[in-house]
Amino acid sequence: MKVVICDHVFPDIEQEKQALSCVPELELVDAHCTCKEEVIAACADADAVLNQYNYLTEEVVNNLKKCKVVATYGIGLDKIDVDALSRRGIYLCNSPDYNKCEVADHIATMVMALNRQLVQFTDRMRAGKYDIPYEWMKPQRPCNQTVGFVGYGRIARQAAERLSKGFGMNVIAYDPFLTEAQIASGHAKKVELETLMREADFVSINVSLLPTTRNLIGAAEITLMKPTAFLINCSRGGIVNENALIDALQSRRIAGAGLDTFEQEPLPKEHPFCKLDNVILTPHAAWYTTDAMKSVQGVAAQQVALVLTGQEPTRCVNYEEAKKNRV
């Protein structure tokens, strides 16, 4: 059976080889595709596909002649046409638990680095400036501050626990899909989005990128923020309107931002974010530890192995829809 790895950033594919060793007559192809044409050519006769960054559009999916399962390295599905796969009876699997703590750690680290203004201090010292600019640099004690989470799922709750228990921060959350009691069980207070934007000293974005959440945080929401507040996005680019955020950062309408995801990735070096001194930038790396990398490789490949050996996938996002259309 032919399994194609469209693309990946991993140093090797030993985890995949190990997980797929049970697949009969395995042909494992490390394709390194960089565009849809290469994906179509490489995967046309594949029994299964593993993918990291390529866009699996309807056109691509319709050219998968033999495919039984697609597994994505990670959680997000915004690069994949889920409906197109379902219509063709192709299972789509993701890896929801591979980064058990990494993104939460990244969010909490962003909060503390922004509050303590570590990047600005480092830049000043490299420029030979040893004084503290008291007139504009005004960090606060975390125990007197509030962090607000837009979306209060697993990652947000872990970050909230680190910040509340570790630093004594107050936690509020906006999540229209959770009740007040459910949010309270995560040691946060449920509020509306407008209230969160007004009250939070740190606004953390923790929702998936969907048609309903694209530009969820725009100029109107950012205008509500305190001038001393920071925005953190370790979720997906596109949820925050980047033009509105750039305007607010350039004009010092808000104090700063910590960004791990962007509408365009990789982020061009000439992008306005790269020219701002009140922004911490990381290259969609919140998920990354060596432990998480091995986990995501293994989990994705395990799903492929299950399907190709006649078993049911355990991390399938379109199971019912795909199953009824399977030949």
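Predicted model: local features only at pLDDT ≥ 70, side-chain atom pairs only at ≥ 80, totals over all residues.
View 1. Arg252 belongs to the loop that links helix H11 (242–250) to E11. Although Arg252 is not a glycine, its phi is positive, at about 60°.

View 2. His284 is another residue other than glycine with a positive phi, here near 50°. The loop that holds His284 runs between E12 and helix H12 (290–308). His284 has a relative accessible area of 18% and is buried, since the buried class covers values under 20%.

**View 3. The cis peptide bond at Pro266.** Glu265 and Pro266 are joined by a cis peptide bond, with omega at about 0°. Pro266 sits in the loop between strand E11 (256–259) and strand E12 (279–281).

**View 4. The seven-stranded parallel sheet.** Seven strands make up an open sheet, with parallel pairing and the order E8-E7-E6-E9-E10-E11-E12. Strand E8 (189–190) and E12 each have a single partner strand and stand at the edges, so one side of each has no neighbour in the sheet. Inside this sheet, strand E10 (residues 230–233) pairs with E11 in the parallel sense over four bridges. Asn233 is placed opposite Leu259 of E11. Strands of a sheet pair through backbone hydrogen bonds, in a parallel or an antiparallel arrangement.

View 5. Gln145 lies in the loop between helix H6 (118–126) and strand E6 (146–150). With a relative accessible area of 7%, Gln145 is buried. Residues up to four places away in sequence aside, Gln145 touches Asn115, Gln140, Met169, Asn170, Asp201 and Phe202.

**View 6. Strand E1 and its pairing with E2.** E1 and strand E2 (residues 27–30) run parallel and are joined by four bridges. Ile5 stands opposite Asp30 of E2. In a regular strand, side chains alternate between the two faces of the sheet. In E1, Lys2 and Val4 point one way, while Val3 and Ile5 point the other way. All four of these residues are buried.

**View 7. The buried residues of helix H2.** Val39, Ile40, Ala42 and Cys43 are the buried residues of helix H2 (residues 36–43). They pack against three elements: strand E1 (2–5), strand E3 (48–51) and helix H3 (58–62).

View 8. Lys68 lies in the loop between H3 and strand E4 (69–72). Its relative accessible area is 28%, and Lys68 is partly exposed. The C-alpha atom of Lys68 is 8.7 Å from that of Val304, although the two residues are 236 residues apart along the chain. Beyond four places in sequence, Lys68 is in contact with Asp47, Gly89, Ile90, Tyr91, Val307, Leu308 and Arg326.

**View 9. Arg154 in helix H7.** Arg154 is part of helix H7 (residues 154–167). Arg154 is partly exposed, at a relative accessible area of 33%. Apart from neighbours within four places in sequence, Arg154 touches Ile75, Pro96, Asp97, Asn99 and Lys100. Arg154 and Ala19 are 135 residues apart in sequence, and their C-alpha atoms are 27 Å apart in space.

**View 10. The whole chain, for orientation.** The protein contains 13 helices and twelve strands. Its radius of gyration is 22 Å, close to the 20 Å from the globule rule for 327 residues, so the protein is as compact as a globular protein of that length. Taken along the principal axes, the C-alpha atoms fill a box of roughly 70 × 50 × 30 Å. Of the 327 residues, 50% are buried. Among contacts with a separation of 6 or more, 64% are between residues 24 or more positions apart.

Note on methods. Residues numbered from 1 in each chain as written. Heavy atoms only, no water. Helix = DSSP H or I, 4+ residues; strand = E, 2+ residues; numbered from the N terminus. Rg over C-alpha atoms; globule rule 2.2 N^0.38 Å. Buried < 20%, exposed > 50% of the residue type's maximum accessible area, 1.4 Å probe, protein only. Contact = heavy atoms within 4.5 Å. Pairing = 2+ DSSP bridges.
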